[in-house]
Amino acid sequence: MTQYVGRHRAPATPLTSTLPVRGAVTLGSAAALGLAVPATATAAPSATETASTSETTSAARFNATVRAGDKGWIVRSIQRRLGIPVTGKYEMKTYYAVRHYQRDNGLTVDGMVGPWTGRKMGLPASYKTAKRTTSTTTAASRSTSRSSIVSTAAQYYGTPYRYGGTTTSGFDCSGFTQFVYRKHGKSIPRTAEQQRRAAWKTSNPRPGDLVFFGAPAYHIGIYAGSGKIIDAGRSGSSVTKRSIWTSSVTYGRF
């Protein structure tokens, strides 16, 4: 039996039985009420959805490489994601933490935060622009630093070789390189092989880079340019500059 309220016909089923009470007319409610809905009307994404989409897009576009020696906000971002002290300097602790992260996540273990590692970490794509803007200044600064490393190494010509030595009273090969690098605020491992593993490999050596003999490394020196090294050679000798005597060497950079 049809019921009437005043002059209007009551609906057969109360609206409250099918539509939730929100205190506002949503798109769904409007359609149920027979109201016109603009063709372009869409539901606005939530704040969570917007943030998630933004992060995914940025991470997917990260296409830079951050390595030992780099500094700044991107290094701080990496350190926060790794859960290590935030210093803003890509030093040995960061290098090894990155290697552990890469190993745990099935990535290439090289100690550098390249595109794949950066995307996995969710790093922002904006670093690509920042890197490009400052690249010239950074390259010039590093070139000066490498030249200074050679100059510092040359100050210790004549220092005697001493097995296990790490001071000016006597150096062994890796003790010498570690000492010189420390003078420039660079913390590198103690032994020749540890330094070889930790360094960024390069086939285009520049003065101030490290020269490794063998793999595992049994000797190490500082590249002085023009095919020469400065090194603490062997017992009975002292720190000197000399020609590299073999082609069986590799080069590394910090």
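Reader: Which residue forms a salt bridge with D209, and how far apart are the closest N and O atoms?

Author: The model is a predicted one. In it, the partner of D209 is R253, and the closest N and O atoms of this salt bridge are 2.8 Å apart. The pair connects distant parts of the chain: D209 lies in the loop between β5 (200-202) and β6 (210-213), while R253 belongs to strand β10 (residues 249-253), 44 residues apart. D209 is buried, with a relative accessible area of 1%. R253 has a relative accessibility of 9% and also counts as buried, because the cut-off is under 20%.

This pair is one of five salt bridges that the structure holds. Another joins R190 to D172, with 2.9 Å between the closest N and O atoms. It too links distant parts of the chain, the two residues being 18 apart: R190 is in the loop between α7 (173-183) and α8, and D172 is in the loop between β4 (170-171) and α7. D172 is buried at 8% relative accessible area, whereas R190, at 25%, is partly exposed.

A further salt bridge lies within a helix. The side chains of R196 and E193 meet at 2.8 Å, N to O. Both residues are in helix α8, and because they are three residues apart there, about one helical turn separates them. R196 and E193 are both buried. These two residues also take part in a network: salt bridges with shared partners join E193, R196 and R197.

Helix α4 itself covers residues 92-104, and its end C-alpha atoms are 18 Å apart. That agrees with expectation, because 13 residues at 1.5 Å a residue should span 18 Å. After α4 comes G106, which has a positive phi, near 65 degrees.

Conventions: Residues numbered from 1 in each chain as written. Predicted model: local features only at pLDDT ≥ 70, side-chain atom pairs only at ≥ 80, totals over all residues. Heavy atoms only, no water. Helix = DSSP H or I, 4+ residues; strand = E, 2+ residues; numbered from the N terminus. Expected span 1.5 Å × (residues − 1). Salt bridge = Lys/Arg side-chain N within 4 Å of Asp/Glu carboxyl O. Buried < 20%, exposed > 50% of the residue type's maximum accessible area, 1.4 Å probe, protein only.
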